[in-house]
Amino acid sequence: MELHQLRYVAAVADAGSFTRAAEVLYLAQPSLSVQIRKLEKELGVALFERLGRKVTLTTAGEAFLEHARPALFHLERARDEAVAVRDLQRGRLAIGALPSVGATLLPKVLADYRAAYPDVELRLIEHNVSAEFERMVQVGELDLAVVRAPWERPGITGRVLIREPMVAMLPPGHRLADRAELDLAELSGDDFVGMQQGSGLRSIMETTCHRHGFSPKVTVETEQLSVLCGMVRNGVGVSVVPRLVASGYEPTVRLNDPRESRELGVVWRAGGQLAPAALALLDLLLTEVRRFGADTGGSDATVDGLDLSV
């Protein structure tokens, strides 16, 4: 039994004639008759009584069409729903992002996305640990996630978005605030404000300090980037963060070691094609990353493989 045969039965029943049904279906009448006979042979029962040029449903035909019509309706709805998702007139998208990305890159991306595709349902999840996002992408809980590169979990793939330098966040009036760049070891005696233990930003701060010969003396730790910025601004301590985290904060001073940087990437499940909703957001995200890098980058800023020297 084939789908077009169900449509043909319904058309003949509605028209009461093979000739008129063929005209509605834009088919040659003999072809229509052949398909109906094939279906009747498969079912082992006649669906129509042929009364000259007119036809009427048999009892078996009425029983068949009683179920065929709802099937055709739901199949048509299924086609329409699939096309709506393809054309971004409907759908769902779940994206994960590190807090620094959620506070800086994503607001404009999501605003533009909502304006362009208002009927796609968006869900944003923020988390401090990239490894958890990798797991959520792998098991299908997220369509996309912005994480620290390199990602390690099997079953996911992606692309690097941006490589950003590490900077020192200093209180106004700090002895090094007027520097163009500094050696991180010069802050070894300062109190530090850090994100909570176990977070990606805490790990990268400690690793960066260790490479410069000291362990940071963290006197205050927090779960919120806004609190970290407020603490530094009010002289509680200094901090070392990727430039994206410090976006909008002054004063910041770049480290004089160009190796000190963070790479961010966007990941999705490997082995499958991204859904249209995810592809559209990825395109907007890449555009915003390029804009952000061009607006704030120096000679060491690289976005999506492009040199953003300004």
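The legends below describe close-up views of a predicted model.

**View 1. The aromatic pair of Phe18 and Phe48.** A pair of aromatic rings is described by the distance of the centres and the angle of the planes. Rings of Phe, Tyr and Trp (its six-membered ring) pair here if their centres lie within 6.5 Å, with planes under 30 degrees apart counted as stacked, over 60 as edge-to-face and the rest as tilted; by this rule there are three aromatic pairs. In one of them, the ring centres of Phe18 and Phe48 are 6.0 Å apart and the planes stand at 70°, so the pair is edge-to-face. Distant parts of the chain are linked by this pair, since Phe18 belongs to helix 2 (residues 18-25) and Phe48 to strand 1 (residues 48-51), 30 residues apart. Helices (H or I, at least four residues) and strands (E, at least two) are DSSP runs, numbered from the N terminus.

**View 2. Burial of Phe18 and Phe48.** Phe18 is buried at a relative accessible area of 8%, and Phe48 is buried at 3%, where buried means under 20% relative accessible area, exposed over 50%, and partly exposed in between (1.4 Å probe, protein chains only).

**View 3. The cysteines Cys209 and Cys229.** With a disulfide taken as a pair of cysteine sulfur atoms within 2.5 Å, the structure holds zero disulfides. The cysteine sulfur closest to that of Cys209 is in Cys229, 17 Å away and therefore too far for a bond. Cys209 is buried, with a relative accessible area of 0%, and Cys229 also counts as buried, at 14%.

**Notes.** Residues are numbered from 1 along each chain as its sequence is written, and side-chain values use heavy atoms, with hydrogens and water left out. Local features need pLDDT of at least 70 and side-chain atom pairs count only at pLDDT 80 or more, whereas totals for chains, interfaces and linings use all residues.
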